[in-house]
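Have a look at the chain first, then read on.

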Amino acid sequence: MNILAEHQGHIAERFARPGSDDKFAGLDPRAGRTGVPVLSGVLASVECRVAEVVSGGTHRVFLAEAVHAEATEGSPLAYFRGKFGKF
């Protein structure tokens with residue numbers, strides 16, 4: 001899980017758009033300790049291992065165990081009532 005900083009709304013929009021384009025193109029991710037892509041310049045990242053999958057109506061909920069986390073100083077990107085913002 002990549003936790004974006006308040007100035008990274010453009011990255012959130014990229015991953016929210018439908019389509020099968022390579023969402024990581026041009027972002028230069030590095031491989032985390034578990035091999036998952038960690039984006040450069042994010043506020044924090046948490047690498048997880050799926051512990052359980054639970055069905056909830058038409059969705060599946062993934063319960064995960066954090067195996068590695070790292071963070072830097074800054075403010076997170078917020079999203080409220082259809083708009084990006086900051087705390």
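Two strands count as paired if DSSP finds at least two bridges between them. Helices (H or I, at least four residues) and strands (E, at least two) are DSSP runs, numbered from the N terminus. With that in hand, β4 and β5 make a hairpin with two residues between them. Gly57 sits in that turn and has a positive phi of about 65°.

A word on where this comes from: it's a predicted model, in which local features need pLDDT of at least 70 and side-chain atom pairs count only at pLDDT 80 or more, while totals for chains, interfaces and linings use all residues. Residues are numbered from 1 along each chain as its sequence is written, and side-chain values use heavy atoms, leaving out hydrogens and water.

**The overall layout**

The protein chain has one helix and seven strands, and along the sequence they come in the order β-α-β-β-β-β-β-β. Its C-alpha trace spans about 35 × 30 × 30 Å along the principal axes. Of its 87 residues, 22% are buried (under 20% relative accessible area; exposed is over 50%, partly exposed in between, with a 1.4 Å probe and protein chains only). Take the contacts (heavy atoms within 4.5 Å) between residues at least 6 apart in sequence: 43% of them join residues at least 24 apart.

**How β4 is paired**

What does β4 pair with? Strand β4 (residues 44–56) is joined to β5 (residues 59–71) by twelve bridges, and the two run antiparallel. Within this pair, Val50 stands opposite Ala64 in β5. Strand β4 also pairs with β1 (residues 2–3), again in the antiparallel sense, over two bridges. There, Ile3 has Ala44 of β4 as its bridge partner. As a rule, side chains in a regular strand alternate between the two faces of the sheet.

Asp28 and Arg81 each have a positive phi without being a glycine. Here they are side by side:

| Residue | Phi | Loop | Relative accessible area |
|---|---|---|---|
| Asp28 | about 55° | between α1 (9–16) and β2 (30–31) | 60% |
| Arg81 | about 50° | between β6 (78–80) and β7 (83–85) | 74% |

Buried or exposed: which is Asp28? Asp28 counts as exposed, because its relative accessible area is 60%. Arg81 is exposed too, at 74%.
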